[in-house]
Amino acid sequence: MSYFDNFLIMCSEVSLLIVLLILLLFDITAGKRGKQYFQPVAILLFALHTLLNFVPTAAGEAFGGMYQYQPVMTIIKSILNVATLIIFLQSKHLFESIKMKSQQGEYYFLTLSTLLGMYLMISSGHLLLFFIGLETASIPLATLVAFNKHCKKSAEGGAKFILLSAFSSGILLFGISYLYGTTGSLYFSEIAPRMALNALQIMAFIFFLSGLFFKVSFVPFHLWTADVYEGAPSNVTSYLSVVSKGSAAFVLMTLLFKLFGSYVHEWQTLLFWIIIVTITLGNLFALRQQNIKRFLAFSSISQAGYVGLGIISGSTLGMTTVIYYILVYLFSNLAAFGVISAIENRTGKIEIADYNGLYQSNPKLSFVMMLAMFSLAGVAPFAGFMSKFFIFSSAAQQGFYLLVIVAVVNTIISLYYYLRVVKAMFINQNEQPIETINTDNWNKVSLVICTGAIILVGLLGFVLDIIEKQSFGL
Amino acid sequence: MNFLSLFVLLPLLMILALFVVRSRKQILGVMVTGSSLLVLLSAYLAYHYIAVRNSGNTDSMLFTASLSWFKPLNIQYAVGVDGVSVVMLCLSSVIVFTGTFVSWKIAPLTKEFFLWYCLLATGVYGFFITLDLFTLFLFYETALIPMYLLIGVWGSGPKAYSAMKLTLMLMGSSMILLVGILGIYFGSGATSMHISELVHHPMAAEQQYFFFTLTFFGFGVLGALFPFHTWSPDGHASAPTAVSMLHAGVLMKLGGYGCFRIAIQLMPMAAERLSPIFLLLTGIGVVYGAFAAIRQTDLKYINAYSSVSHCNLVLFAILMLTQTSMTGAVLQMLSHGLITALFFALIGMIYGRTHTRLITEMGGLMKIMPFLGVSFVIAGFSNIGVPGLSGFVAEMTIFVGSFENGDLFRRVLTIAAVTSIVVGAVYILRSIGRFLQGPLQNEGHGKLDDAHWYERLAVVTLIAGILYIGSFPTGVAEIISDSFGSLLQVAK
């Protein structure tokens, strides 16, 4: 294999890097008039990148196994691509104010850098590359959280995020050092067979997982979530809750399979309790939230718990359903955030009570928001119902009935708070509802895509089939 | 393409059409055309079904077809009907049809109302035609969620509270049901979720006990299983008329239908052993519902509690596990569906005129609205079980069938349940005497008009159904009981 072939296998990373560099150069060189077209250029380039890397190629590895490619990674990367694309479509509002206008280039550049980091995390076969990916995904994200530098809450969120994220990376790195110390290697394929149940390795295992649980925001590593979600601009919040969380969940699953396959009973027991606590606490805190972004933050914590149900099963069906769940969650959550960011950026209103009577003034936005809430709650016949059903069945298949029962009880609680938003929009009366918002065309396109997907993805059976063909179990 | 799928496609097409049309006339046009087509389709289905059966076809399910849907979990879109589903489909069509006419003047947001109404209908029809556990559950859930908005937006009284209570209780029970369904599939080791296949893969006994309880409870709550019936009175009282009709008339029957189609048919051993517990609950429900109805003064609450009593009777009869009692249960679903829909329709019409539902504030309405009054009396008599009307046929079959069981426990329970008929007479006759007869209570009521043509159409259709079942029960009973013959055979 020639040196150049290595890059062919990494084609998705390379093409993302090219898009990223073009945008950086465009930002530096373009004049005032050129910058008006920044968003369309970014969207088109990124859409091109998404399309080019849509079809899985044959499995392979590059740089002596540091980089590993499997077809399932194309699927998860495409899902992240689609999510990022939708977020770009929704981002126009962010730069309408004069203060923010100059920051447009940085926004796209930083977002894509974190995406590149996630790509590397997903495809790594070596702990060093994995760690580089993790950091590349975290540090620009902190700047994105603090993106609105004129807003104190945003800065506060950014500071919290970078501190806690650095701390969790430290713990993870500590775990990696133990892994290296006990096995003498950083390659996944060499570590896995050398894992035995001795004290050092168990500690390494715990430290390593803690770092990842932080990213997925499993309870008790969730405390950063609500504040950061609330402080960050809506578009960044949606990126955090969908792309960052989705990639972390997938990476957690593949690492548990690849690196800790021999620890299956241990991590199943561990996850069992963590999932129960995560879903329950996330739900209970979501019940009382008045701020819609904090509300979605806690709901996303409990959603992460549901993803855990697929991970814990450790089967092919488990991986299939996790990917499917992330896919459906992407559309549902982004539909909700599309509406929220449109409303926040135009009117600055982010309380659930502000949504009272929204249907009178904004029937279309309310309709999209309702579908999103229904899909997140797992209400039939929308896609969220199927993804919940499938993820529950993957856990039930392995006999985790108790876990499924806890999850379904929580689904009922979650239904209550999702219906609260629907109730505010449709049932509650309000003399002065939020004025009619005429959102921009890009955002409209994104909402149409999300709505269509919420209705159709669940009904198209082949989607699950395609994912299953590439998935693998323990 | 199997013609059964039309039952799901038609309401979906109606939803699409509603998105396009604008004026009120066009909306009603879509609804009337669509619901009439559904009635015709059910009539065709019933006719066709009888013809095929008469030609000697003894398959347990007719007109079956299946299509692979989600391969990794072996989920199919599978359709097929037996006698019970045919009867229930016909009932649904009648109620959807009459509900459209009852909602003739619904406002505001007419279009949105009918959108949700059609989605509800889609769920109901889909539920009765599918034979795959997943699809069945999917349609079941689809039928539940529109209720939230239908009650919350167009309801009356404490509508937000009632809507939330109803939705949470029903969705909650359906989530328990979900665990049961997963247990049935993975516990049986079958290679698909098709009911006809699962029947041949019974689970181990201990598993059956666990999952039977979950499944029966899950479906039972929708069938107003005591003591989880509390969503029903509030929900029905707050709902707009057509929604009460559809919910009490058809949706609650989904519970009973699911109980025998899934819980009892797939887990016969557990059904046999655990039935006493549930029989006790439903027995209490039958009597309790009737007594609770006596205490009510709101017409809708009276009928809602009466529904609780009758729906518990359905579950009661199903659990008696004899062919006669189960036939009676389906007859009761059918009969109660028509009667309660008629009641709710009439109550809605009376409320629309007098703006009160309290029987203490009305009186002598028979003179002012003879048509509505007489119809109410017919519905009442049928509810009590006067011979010649559908209630008699259903309850007679149930009690005879239940008494067929030799053991003392079931016989005593049956006798206790029979008392509900007497109590039923009390609350029906009392309310008729109170608000239809006697002197006019409120002078303002003297100027009110009788039913309009669209209301008469709905009422007459429902009464015709009640009379038909009451006078010619054998045809219907035969269709139903044939299916149970094969069901109970498989179970044994």
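What percentage of the 492 residues of chain B count as buried? The figure is 61%, where buried takes 20 or more other C-beta atoms, placed from the backbone, within 10 Å of a residue's own, exposed takes 12 or fewer, and partly exposed lies in between. This is a predicted model, in which local features need pLDDT of at least 70, side-chain atom pairs count only at pLDDT 80 or more, and totals for chains, interfaces and linings use all residues. Residues are numbered from 1 along each chain as its sequence is written, while chains are lettered from A and ligands numbered from 1 in the order in which they are written.

**Chain B overall**

- Chain B has 20 helices and two strands. Both are DSSP runs numbered from the N terminus: helices are H or I with at least four residues, strands are E with at least two.
- The radius of gyration of chain B is 21 Å, close to the 23 Å from the globule rule for 492 residues, so chain B is as compact as a globular protein of that length. The radius is taken over C-alpha atoms, and the rule is 2.2 Å times the number of residues to the power 0.38.
- Along the principal axes, the C-alpha atoms of chain B fill a box of roughly 70 × 60 × 45 Å.
- Among contacts in chain B with a separation of 6 or more, 80% join residues 24 or more positions apart. A contact means C-beta atoms, placed from the backbone, within 7 Å.

**Chain A overall**

- Chain A holds 22 helices and two strands.
- Its radius of gyration is 21 Å, close to the 23 Å that the globule rule gives for 474 residues, so chain A is as compact as a globular protein of that length.
- The C-alpha atoms of chain A fill a box of roughly 65 × 55 × 40 Å along the principal axes.
- Of the 474 residues in chain A, 56% are buried.
- In chain A, residues 24 or more positions apart make 80% of the contacts with a separation of 6 or more.

**Where the chains meet**

- Chain B gives 27 residues to the contact and chain A gives 29.
- On the chain B side, two or more residues each come from strand S1 (62-70), H5, helix H6 (146-154) and helix H7 (159-188).
- H7(B) supplies the largest share of that side, 13 residues.
- The chain B side divides into 20 nonpolar, five polar and two charged residues. Nonpolar covers Ala, Val, Leu, Ile, Met, Phe, Trp, Tyr, Cys and Pro; charged covers Asp, Glu, Lys and Arg; the others, Gly among them, are polar.

**Helix H5 of chain B**

- H5(B) spans residues 133-144, twelve in number. From first C-alpha to last it reaches 17 Å, close to the expected 16 Å. The expected span is 1.5 Å times one less than the number of residues.
- H5(B) is mostly covered, with twelve of its twelve residues buried. Among them are B:Phe134, B:Tyr140 and B:Glu141.

**Helix pairs**

- In chain A, H2 (residues 11-29) and H4 (residues 38-52) pack at about 170 degrees, with axes 10 Å apart. Axes are lines fitted to C-alpha atoms, for helices over the stretch in contact, and angles run from 0 to 180 degrees between N-to-C directions.
- H2(A) and H4(A) are therefore roughly antiparallel. Angles over 145 degrees count as roughly antiparallel, under 35 as roughly parallel, 65 to 115 as roughly perpendicular, and the rest as oblique.
- Residues in this contact include A:Val19, A:Ile22 and A:Phe26 of H2(A) and A:Val41, A:Leu45 and A:His49 of H4(A). By class, the contact has ten nonpolar, two polar and no charged residues.
- In chain B, H1 (residues 6-20) and H2 (residues 24-54) pack at about 175 degrees, with axes 10 Å apart. H1(B) and H2(B) are therefore roughly antiparallel.
- Among the residues that meet are B:Leu10 and B:Met14 in H1(B) and B:Gly34 and B:Leu37 in H2(B). This contact divides into twelve nonpolar, one polar and no charged residues.

**Two buried residues of chain A**

- A:Ser238 lies in helix H13 (residues 234-258). A:Ser238 is buried, with 29 other C-beta atoms within 10 Å.
- Beyond neighbours within four places in sequence, A:Ser238 contacts A:Ile87, A:Asn333, A:Leu334 and A:Phe337.
- A:Met319 lies in helix H16 (residues 316-347). A:Met319 is buried, with 27 other C-beta atoms within 10 Å.
- Not counting residues up to four places away in sequence, A:Met319 touches A:Met253, A:Ser471, A:Phe472 and A:Gly473.
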